[in-house]
Structures are given as structure tokens and as C-alpha cells.
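Hi there,

Here is the structure I promised to pass on. Please have a look at it first, and then read on for what I found in it.

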Amino acid sequence: MKNLIIYYSRRGQNYVNGSVKNLSKGNAELITEYIKDAVGADVFEVDTVKPYDTDYMVCIEEAKAELRAKARPELKAYLDNISDYDNIFIVGPNWWGIYPMALYAQLERLDFTGKTVHYVVTHEGSGLGGVPKTMKTSCKGAKLGSSLAVHGGSAPSSRSQVKNWAMACL
Ligand SMILES: Cc1cc2nc3c(=O)[nH]c(=O)nc-3n(C[C@H](O)[C@H](O)[C@H](O)COP(=O)(O)O)c2cc1C
């Protein structure tokens, strides 16, 4: 069984437990590491050509505009073939209720037929939000497996929870 993790995560200013903090490593990035350490996986990072603003308050407005426009921002690199993999883990933050548009820009290009998709959403209170619904339309052909919501402020201490979850996915 071969595993792949596709993730998006934004370092820098973010909202954590009621105040804006500077994260040297994004929460979804941390979760990605925990899954990789637990089950072994290749990793693909989704990143945009045009960076989001480093200021949290500006970034949330940029993200809101993208959501409203159903934008698919240009990515630095695209993954075009996942035929080598059996299990795909998707990891990303909750931005206004669903994953950042950049993640969908990647997922919609792939053929998930015959693959099992498990996914994690990091968040500050909204949990999985509308992500489960979007996964059905964005991961064409996938068998949807397990999902996990991780509160961003708890991400650093979630290693064993994530490990247990990821191992149970296989
Ligand atoms: C643009 C933006 C929009 C966000 N919208 C939400 C939201 O609607 N609900 C929520 O619970 N958290 C929201 N958050 C908080 C993030 O989901 C949370 O901080 C997450 O842990 C960030 O993961 P990351 O560090 O991997 O990017 C938002 C954060 C940003 C930057």
C-alpha cells in the first residue's frame, strides 16, 4: 500500500485561541508531518504563485474574495498523476468554511478512481465545516474514507491523536 499526502498550509500570522499569532510552521503542515511519521507517505505541497498577504486580516479578505469568485489560483506546481498510490490524505485549513481555493485547484485536476481519500481540516472553531460536501465533488472517483478535524491551537500536541487516526485509516 502506498500513501500520498496532499496539503496546503499557511505559515505566519494566523488566528489562534482568540488572538493573532505568528506560526513558524503551519498547523496543517504539522499534521502532515505527523501522518507521514505514522504511516509513511510521499508528500505534495500545494502552494500559490501569488502569495497571500502575510497580514492575517488582509489574508482573510483575500480568501473571502476568492471563495466568492470560486477562484482557482495558479499553483507553483501541479501534481498530475496519482496512479502509484492507494491511499491519499488531504490536509488543509478551514478557510471560511471549506478548504482554501488553492487546494481545490489541485484536487480537481486528479482522477481519484480506485483511490481511498482521507482528509484532515485544521480550524479555529468551525471543525470540518462544509469540507465533506466539497470532497465528493472535488475528488472525482474517490472512495471517501475517514475525516478528522484538528483545532489549530491543539495541532502541536496532536501527534498521538493524528498517529492513531492515520493508522486506523489503513
Ligand atoms: C483566510 C483564513 C480564513 C479562516 N477561516 C476560518 C473559518 O471560517 N473557521 C475556522 O474555524 N477557522 C478559520 N481560520 C483559521 C484556520 O482554519 C486555522 O488557524 C488553521 O489551523 C490554519 O491552518 P494552517 O496553519 O495550516 O494554515 C481561517 C484562517 C485564515 C487564514
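This is a predicted model: local features need pLDDT of at least 70, side-chain atom pairs count only at pLDDT 80 or more; totals for chains, interfaces and linings use all residues.

H1 passes H5 in a right-handed crossing. The axes of H1 and helix H5, which covers residues 159-169, come within 9 Å and cross at roughly 55 degrees. That angle makes H1 oblique to H5.

Next, the sheet. Five strands form an open sheet in the order E4-E1-E5-E6-E7, with parallel pairing. E4 and E7 are the edge strands, each pairing on one side only. Direction ignored, neighbouring strands of this sheet are turned by 15 degrees against each other on average.

On one pairing, E1 and strand E5 (residues 87-93) run parallel and are joined by five bridges. Here Ile6 stands opposite Ile90 in E5. On another, four bridges join E1 to strand E4 (residues 42-45), and these two also run parallel. Ile6 stands opposite Phe44 in E4, while Tyr7 stands opposite Glu45 in E4.

Now to the ligand, which I expect you will want to look at. Which of the 23 residues around the ligand come nearest? They are Gly26, Ala28, Pro93, Ser126 and Gly152. The elements that give two or more residues to this shell are strand E2 (12-16), helix H1 (27-39), helix H2 (56-69) and strand E6 (116-123). By residue type, the shell divides into nine nonpolar, eleven polar and three charged residues.

Most residues other than glycine have a negative phi, which is the background for the next two.

- Asn17 is found in the loop between E2 and strand E3 (19-23). Its phi is near 45 degrees, a positive value in a residue other than glycine. Asn17 has 11 C-beta neighbours inside 10 Å, and the limit for exposed is 12 or fewer, so Asn17 counts as exposed.
- Trp96 sits in the loop between E5 and helix H3 (101-107). Trp96 is not a glycine either, yet has a positive phi of about 55 degrees. With 16 C-beta neighbours inside 10 Å, Trp96 counts as partly exposed.

Ser154 has its place in the loop between strand E7 (143-151) and H5. Is Ser154 buried, partly exposed or exposed? It has 13 C-beta neighbours inside 10 Å, so Ser154 counts as partly exposed. The C-alpha atoms of Ser154 and His123 are separated by 9.9 Å, and the two residues are 31 residues apart along the chain.

That is what I have for now.

Best wishes

Conventions
Residues are numbered from 1 along each chain as its sequence is written. A residue is near a molecule or strand if its C-beta atom, placed from the backbone, lies within 6 Å of it. Ala, Val, Leu, Ile, Met, Phe, Trp, Tyr, Cys and Pro count as nonpolar, Asp, Glu, Lys and Arg as charged, and the others, Gly among them, as polar. Two strands pair if DSSP finds at least two bridges between them. Axes are lines fitted to C-alpha atoms, for helices over the stretch in contact, and angles run from 0 to 180 degrees between N-to-C directions. Angles under 35 degrees count as roughly parallel, over 145 as roughly antiparallel, 65 to 115 as roughly perpendicular and the rest as oblique. A crossing is left-handed if the near helix is turned anticlockwise from the far one by less than a right angle, and right-handed if clockwise. A residue is buried if 20 or more other C-beta atoms lie within 10 Å of its own, exposed if 12 or fewer, and partly exposed in between; C-beta atoms are placed from the backbone.
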